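Welcome, and thanks for taking a look at this one. Please open the structure beside the text and follow along as the report moves from one region to the next.

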Amino acid sequence: MLRTHTCGELRLRDVGKEVTLAGWVTRVRNHGGLIFIDLRDRFGITQILADGHNEEVYALASKLKSEYVIQIRGTVCKRPEGLVNPKLSTGEIEAKINELRILSSAELLPFEIESNKELDEALRLRYRYLDLRRRKTQENLVLRHRIAQSIRHYLTQHDFIEVETPFLTKSTPEGARDFLVPSRLNPGHFYALPQSPQLFKQMLMVAGFDRYFQIVRCFRDEDLRSDRQPEFTQVDIEMSFVEAQDVMSLVEDMLVGIFREILDISLPTPFPVLSYEEAMDKYGADKPDLRIPLVIDDLTDLFQKEPLVIKGEKDPVKSLFIPQGETLSRKRLDLLAQEAKNKNLFFSWIRGSSCEYSSPLKGKIREETVKDLLLRYPFQDGSILLLAAGKRTSLLDFMADLRIQIGRETGVTDDFRFCWIVDFPLFEWNEDEKRWDSVHHPFTAPRDEDIPFLEEMPGKVRAKAYDVVLNGYEVGGGSIRIYDTRLQEQIFRLLNLSEKAIQEKFGFFVEALKYGCPPHGGIALGFDRLVMLMCREESIREVIAFPKTQKGVCLLTGAPSRVEKEQLDVLAIDVKKEENGA
């Protein structure tokens, strides 16, 4: 055996044992006659020592450098009094080397593995196999594994079965661009990598599997950011004979169990449930960070009496009251006013107490309005009320950013705050193409009471959809699905799909609905995003083994790359030349 124990396993109970260890050299300290080596593997670090009495071992140990891979046979000893290392789980023992073997040498590394210095991300991704040796990166991936196992165990215990769905499938519109894969056997035809297993999991419900799940890789050719990758992992769940509350209750119970098992944290339950409209009005966003106590208020009625200040008579007026607003300097307030102006919004502020106040609005609005505001909010020294008005969409975006910006500056608690967002609009108007688009996807069921509005007032129809949000991130989205063929075809037509397009893109699915489809619904949880938040990281790249950059490039392998013309010829593909001839 190349090892009998890992480098994180030995304790005082093992003193006197002959052991074989293998791993990477982390540090070498030559004290003249004694060489101390920190030997590392995924499980921990064990201090080993070579003493000058064993000349062969000592000579070989003198040649060791950082990240050499070695194997030793040795005897476990208790560390001398005063030399115990409380930072290590193995800190009470050391292993005296009897035999030493260098398994692999290492060249000078581009960065130190054990360094706490901030490293350039591009350098880390270029040498990702070295970055993965770092303790924090390994801990993140171990935590990711444990979360996945916890999810699998929970769903299996609740009668779900894991079914694999195809990676090579048909291109269907789901709101983002598909990655296309050319077919050699069918020239001019393409597969698409799945954005989600949506239609397959619904057809599994038609097939009678009742409860399905999959921790699955999905692909979207979209612009990237810190919480997006072109390939990502989601926890895909679908259930038959359920309503929205059944799916939400199951997922909530699962998340509570995961946090308790993995992080030893008890989440407050039940998770708050907010309607889409309520979330937008109070937080300016449909994924609010509830750790921030600030809430957006509506002052439209009050300011209708102030036409000289608020020019657009129908424009809403929103406010943000900040009890401790001392850090908001006049310069900062002026910058916010300019930012608002650039977005065609009105912005102002009132600072003061119940007795006196200062504001650019002084003398421009009635004293009765000021008194109403001072009574409405608990003003004290340092308090400030921020006011903005304008077109609703731009106004809410501005207020949402303001709330997050100032909320994080004034302090966000280091905890986890979940909530559910429900009653989303079923459609949104696409101004560029002058048509309705699905807010989620075209298989989402409308609320029963809103079905009469489908033809005449589509914008009024609410969806049987639900998102689960954690600390300002959407970590899951789902819905009750349409299981009636006629309703599904009606939705397709509202989305401006012709009969021919419906048949070409979804004919197989519409046909499946005709053969006895049960009521069903499900959810997809963004696994990478959930793990990122549980690891308290800022980017999902920190919890993915081999991530891509924000431009979708793998710095390690150089993908995407050009291919040989012969390969393209076999696939009957001709690549357009760029203007520069490349």
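Throughout this report, contact means heavy atoms within 4.5 Å.

## About the model

The model is predicted, so local features need pLDDT of at least 70, side-chain atom pairs count only at pLDDT 80 or more, and totals for chains, interfaces and linings use all residues. Residues are numbered from 1 along each chain as its sequence is written, and side-chain values use heavy atoms, with hydrogens and water left out.

## The chain as a whole

The protein chain has 15 helices and 22 strands. These elements are DSSP runs numbered from the N terminus, with helices being H or I over at least four residues and strands being E over at least two. Along the principal axes, the C-alpha atoms fill a box of roughly 95 × 75 × 60 Å.

Of the 582 residues in the protein chain, 48% are buried. Here buried means under 20% relative accessible area, exposed means over 50%, and partly exposed lies in between (1.4 Å probe, protein chains only). Among contacts with a separation of 6 or more, 67% are between residues 24 or more positions apart.

## Two nonpolar cores

A nonpolar core is a set of buried Ala, Val, Leu, Ile, Met, Phe, Trp, Tyr and Cys residues joined through side-chain atoms within 4.5 Å. The largest one has 70 residues, and those with the most contacts inside it are Ile147, Ile151, Leu155, Ile237, Phe418 and Ile523. Helix 6 (residues 244–263) gives the most to this core, with 10 residues. Apart from it lies another core of 22 residues, including Ile48, Ile93, Ala95 and Leu100.

Which residues does Ile147 touch, leaving aside its neighbours within four places in sequence? They are Ile258, Ile262, Phe527, Val531 and Met534.

## Helix 14 under cover

Just after helix 14, Arg536 takes a positive phi of about 55 degrees.

## Gln47 and its surroundings

Gln47 sits in strand 3 (residues 44–51). Because its relative accessibility is 8%, Gln47 counts as buried. Its side chain makes a polar contact with the side chain of Arg29 at 2.9 Å. Such a contact is a pair of N or O atoms within 3.5 Å; within protein, one must be able to donate a hydrogen and the other to accept it, and residues adjacent in sequence count only if both atoms are side-chain atoms.

Setting aside neighbours within four places in sequence, Gln47 is in contact with Arg29, Phe36, Ile37, Asp38, Arg79, Glu94 and Ala95. Ala95 is also one of the residues of the 22-residue core.

## A pocket and a cavity

On a 1 Å grid over the protein atoms alone, a cavity is a set of points where a 1.4 Å probe fits but cannot get out, a pocket is an open set with protein on both sides within 12 Å along at least five of seven lines, and lining residues have an atom within 4 Å of a point. Grid points are joined across faces, edges and corners, and a volume is the space filled by probe spheres set on the points.

The second largest pocket holds about 1200 Å³ of space. Its lining has 35 residues, with Leu180, Pro560, Ser561, Arg562 and Val563 nearest the centre. Strand 7 (179–182), strand 8 (190–193) and helix 15 (565–570) each supply at least two lining residues, and strand 7 gives the most, with four. By class, the lining has 18 nonpolar, two polar and 15 charged residues. Ala, Val, Leu, Ile, Met, Phe, Trp, Tyr, Cys and Pro count as nonpolar, Asp, Glu, Lys and Arg as charged, and the others, Gly among them, as polar.

A search of the whole structure finds two cavities of 30 Å³ or more. The second largest cavity has a volume of about 40 Å³ and is lined by Leu125, Arg128, Phe546, Pro547, Cys554, Leu555 and Leu556.

## Backbone details

Pro560 is in the loop between helix 14 and helix 15. The bond from Thr269 to Pro270 is cis as well, with omega near -5 degrees.
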